[in-house]
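Take a look at the chain below.

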Amino acid sequence: MTAIHPQPRPHSRFHWRTPITMVILLAILVGGGWWGWNSLVKSSAEPTCVEQKLPNNRLVPKQVVLNVYNGGAKAGSAQRVADALKKRGFNIGKISNEPKGNKVDVAEVRGATDDAPELTLVAGQLNQKAVPVADGRTDHTVDLVIGAGFGSIKLKGLQSVQVPAGSPVCLPVIHTPQPIPSGQNPN
């Protein structure tokens, strides 16, 4: 004979752990979405350039932020050119290989418009004719891309460029590095 064992009764107690976890996860998702939307809409980005009238209607190297890229020249050429232009007063931003990987024959200067005074000032530092390229950038920085045919910069480049009298020029915002207090690791 087999013994009949009573069947266990199903638990009638409701498990709260799963719904509570789902509510908490949903609240985190909604909160993250709200924060992301507000960050996107209410951006506190700094201006990329500042409208100014230049003293004596002249643009000088210390008012130009210059990125120097190697677009096919020998290794180290971009650093060499950047160092020489920094000595002339240009604010050097980036020194690197050409970001898009394009090769340049001699030199290109890229900026907001192909007749921008900052492009003229940078092109006036070179021994070779640089091809001006307008890319519509809003920060008014200048990219100098040097290629395999690039020789050198002039011994005495342009000191300044004349801008139309009374016309404001949008100058890039120049960030000076802040010194790190002693005993603090920058990383």
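## Chain order

From the N terminus, the elements run α-β-β-β-α-β-β-α-β-β-β-β. That gives three helices and nine strands. Helices (H or I, at least four residues) and strands (E, at least two) are DSSP runs, numbered from the N terminus.

This is a predicted model: local features need pLDDT of at least 70, side-chain atom pairs count only at pLDDT 80 or more, and totals for chains, interfaces and linings use all residues. Residues are numbered from 1 along each chain as its sequence is written, and side-chain values use heavy atoms, leaving out hydrogens and water.

## The sheet

Five strands form an open, mixed sheet in the order E4-E3-E7-E5-E6. Strands E4 (91–97) and E6 (131–134) stand at the edges with a single partner strand each, so one side of each has no neighbour in the sheet. Two strands pair if DSSP finds at least two bridges between them. E3 and E4 pair in the parallel sense over five bridges. Tyr69 has Ser96 of E4 as its bridge partner.

## The core

The largest nonpolar core has 28 residues. Such a core is a set of buried Ala, Val, Leu, Ile, Met, Phe, Trp, Tyr and Cys residues joined through side-chain atoms within 4.5 Å. Buried means under 20% relative accessible area (1.4 Å probe, protein chains only). Leu66, Val81, Val122 and Leu144 have the most contacts inside this core; a contact means heavy atoms within 4.5 Å. H2 gives the most to this core, with four residues.

Across the chain, buried residues make up 29% of the 187 residues.

Definitions and conventions
Buried means under 20% relative accessible area, exposed over 50%, partly exposed in between (1.4 Å probe, protein chains only).
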